[in-house]
Amino acid sequence: MKKIFLAVLILILSLASKPEIFAAVNANEDLPDKATLSANRMRFDSKTGDFLADGNVTITAGELKVSAPRGSGNVERREVNFDQGISASGKWQGEKINFTAGKLALTFNDVPTCKFQNGVKGTIGTMLLDADRLTLIGTGGFASPTPQDRQTKFWLVKVRNLEDRSQGVSFSADSVEGVMRQGNVHDLTAKNRVLLKGKPKAKDQAVTLRGDSAVYSLERGSVVVNGHVTAVQGGRTLRSSSIVYFPAQNRVEALGGVSKKKDGSTTTERAEITIDLSREKGGKKSK
């Protein structure tokens, strides 16, 4: 029987032989005191700070836990990389997360960063997502950011589904970026081949919107979809250059129109059409 050795490497702040690193990082009191990496087998170069871990690799930093078959990184640069079978859970920047992915790069600096790649599925706060890539950048420290800085910026590529479960809206797009605060998506911008789906209210039918871009704001309670927009609900279709969707009321407002002057020239002027979708049932407007 082969004997399996468990190697444990204490990273980041527990480097007594590197006082300059300790002092620089410890200036931010919200960073964790240490990150612990364990594996069945590990090689560590004390001169360069490079390490290679293999077999049941687990890293724990603050309330974040990541597991993978193997990993590598550098202690002095405070970075860890995993290239297959990633499972991440716990809290990141105070936000609850639970993800699987094919690759992950973690950087433990004053502005901590997580970069998931090769198929990312899971949740962060109220957000459920499925995308090719996800980058999380935090402010105010790694584990417990201060209340005034408690936010996480996120970037997504090739988004198959991003659902804000608190508001009942979901997106797909080539790219999405936004900000989360205290578990909620605070604002979001989706670009290229945007598809938005709203959740029906009571007996209403769900609304589907397509366009070139979309801007979502939790504070305003709306999503503005721009560029060749089509809104569909049941058998009804509305087209406009810009449509505003209000998830809480399941209502859309269409902006944009073309008018013709007496000299034959055409100009684009603002026109507004409001359709209260909550009053329409079965393809007919209720009286």
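A search of the whole structure, which is a predicted model, finds 2 aromatic pairs. Rings of Phe, Tyr and Trp (its six-membered ring) pair if their centres lie within 6.5 Å; planes under 30 degrees apart count as stacked, over 60 as edge-to-face and the rest as tilted. In this predicted model, local features need pLDDT of at least 70 and side-chain atom pairs count only at pLDDT 80 or more, while totals for chains, interfaces and linings use all residues. Residues are numbered from 1 along each chain as its sequence is written, and side-chain values use heavy atoms, with hydrogens and water left out.

**Aromatic pairs**

- The ring centres of Phe99 and Phe116 are 5.2 Å apart with planes at 50°, so this pair is tilted.
- Phe99 belongs to strand E8 (residues 95–101) and Phe116 to strand E10 (residues 113–117), so that the pair links distant parts of the chain, 17 residues apart; strands (E, at least two residues) are DSSP runs, numbered from the N terminus.
- Phe99 is buried at a relative accessible area of 0%, and Phe116 is buried at 1%; buried means under 20% relative accessible area, exposed over 50%, and partly exposed in between (1.4 Å probe, protein chains only).
- Phe171 and Tyr216 have ring centres 6.3 Å apart and planes at 55°, so they also form a tilted pair.
- Phe171 lies in strand E14 (residues 169–181) and Tyr216 in strand E16 (residues 208–217), 45 residues apart; both residues are buried.

**Charge over a ring**

- Arg251 lies over the face of Phe246, at 4.3 Å from the ring centre; the criterion is NZ of Lys or CZ of Arg within 6 Å of the ring centre and within 35 degrees of the ring normal.

**Strand E11 and its partners**

- In strand E11 (residues 120–124), Val120, Gly122 and Ile124 form the covered face, whereas Lys121 and Thr123 form the uncovered one.
- E8 and E11 run antiparallel and are joined by 4 bridges; strands pair if DSSP finds at least two bridges between them.
- Asn98 has Thr123 in E11 as its bridge partner.
- E11 also pairs with strand E12 (residues 127–138), in the antiparallel sense over 5 bridges, and Val120 has Ala131 in E12 as its bridge partner.
- E11 and E12 form a hairpin with 2 residues between them, and Gly125 in the turn has a positive phi of about 55°.

**Asp130 in strand E12**

- Asp130 lies in E12 and counts as buried at 18% relative accessibility.
- Apart from neighbours within four places in sequence, Asp130 is in contact (heavy atoms within 4.5 Å) with Val120, Lys121, Lys158, Val159, Arg160 and Asn161.
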